[in-house]
Amino acid sequence: MDLRRIKKLIELVQETGIAELEVRTGDEKIRIAQVASSSPAGAPSHPEPAAGIEPRQPHQTPEGSVMSAPMAGTFYRAPAPGEKPFVDVGDSVSAGDVLCIIESMKMMNRVESDFAGQIAEVLVENGKPIESGAGLFRIV
């Protein structure tokens, strides 16, 4: 893969605000991921929702809050196969901590916690397809 193509892919990731992009061409593969510190000065760390898309709201239950999927796709608990999951039952999380990845349209999207608490239950099996709004984690 030539340097110009890689540079264009990096610009695409920065301009669109997507969390991660992976491109495969034959035997070559490149993955580009943004980290919080890579956003331009003065840019909000959490982009505003697109017009017509409601922000994700946690579903409150007597047993805690349920984090729901912001999009349809495939649910992954870890950053890569064979690696340690982002969170396990019993882990404490803060707002903004990465909980999982949802692969949608060949893009890996990190899902961050909207609130602090403790992971009480993982509601989806790793590698399974999910719908937008499906419960992912119960946090107390």
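Two strands count as paired if DSSP finds at least two bridges between them. Strands here are DSSP runs of E with at least two residues, helices are runs of H or I with at least four, and both are numbered from the N terminus. This is a predicted model, so local features need pLDDT of at least 70 and side-chain atom pairs count only at pLDDT 80 or more, while totals for chains, interfaces and linings use all residues. Residues are numbered from 1 along each chain as its sequence is written, and side-chain values use heavy atoms, with hydrogens and water left out.

**Exercise 1. Trace the pairing that involves β9, and name a bridge partner on each side.**

Step 1: start with β6. Two bridges link β6 to β9 (residues 117–122), and the two run antiparallel. Here Val 93 sits opposite Gly 117 of β9.

Step 2: move on to β11 (residues 135–139). Three bridges hold β9 and β11 together, again in the antiparallel sense. Look for Ile 119, whose bridge partner in β11 is Ile 139.

**Exercise 2. Work out the strand order of the open four-stranded sheet, and say which strands stand at its edges.**

Step 1: the order is β8-β7-β5-β10, with antiparallel pairing. β8 (107–112) and β10 (129–130) each have a single partner strand, so one side of each lacks a neighbour in the sheet.

Step 2: check the β8 end. β7 and β8 pair antiparallel over six bridges, and Ser 104 stands opposite Met 107 in β8. Their hairpin has two residues between the strands, and Met 105 takes a positive phi near 55° there.

Step 3: check the β10 end. β5 (residues 73–76) joins β10 through two antiparallel bridges. Gly 73 has Ile 130 as its bridge partner in β10.

**Exercise 3. Is Arg 77 buried or exposed, and what does its side chain reach?**

Step 1: Arg 77 is in the loop between β5 and β6 (92–93).

Step 2: apply the cut-offs. Buried means under 20% relative accessible area, exposed over 50%, and partly exposed in between (1.4 Å probe, protein chains only). With a relative accessible area of 19%, Arg 77 is buried.

Step 3: follow the side chain. It reaches the backbone oxygen of Val 87 at 2.8 Å.

Step 4: list the surroundings, where contact means heavy atoms within 4.5 Å. Leaving aside neighbours within four places in sequence, the contacts of Arg 77 include Phe 86, Val 87, Leu 99 and Asn 126.

**Exercise 4. Describe the second largest pocket: what is its volume, and what lines it?**

Step 1: settle the term. On a 1 Å grid over the protein atoms alone, a pocket is an open set of points where a 1.4 Å probe fits, with protein on both sides within 12 Å along at least five of seven lines; lining residues have an atom within 4 Å of a point.

Step 2: read off the volume, which is the space filled by probe spheres set on the points. For this pocket that comes to about 390 Å³.

Step 3: go to the lining. There are 19 lining residues, and those closest to the centre are Arg 31, Tyr 76, Pro 81, Glu 103 and Met 108. β1 (20–25), β2 (28–33) and β7 (98–104) are the elements that give two or more residues. β1 gives the most, with three.

Step 4: sort by class. Ala, Val, Leu, Ile, Met, Phe, Trp, Tyr, Cys and Pro count as nonpolar, Asp, Glu, Lys and Arg as charged, and the others, Gly among them, as polar. The lining then splits into nine nonpolar, two polar and eight charged residues.

Notes
A polar contact is a pair of N or O atoms within 3.5 Å; within protein, one must be able to donate a hydrogen and the other to accept it, and residues adjacent in sequence count only if both atoms are side-chain atoms.
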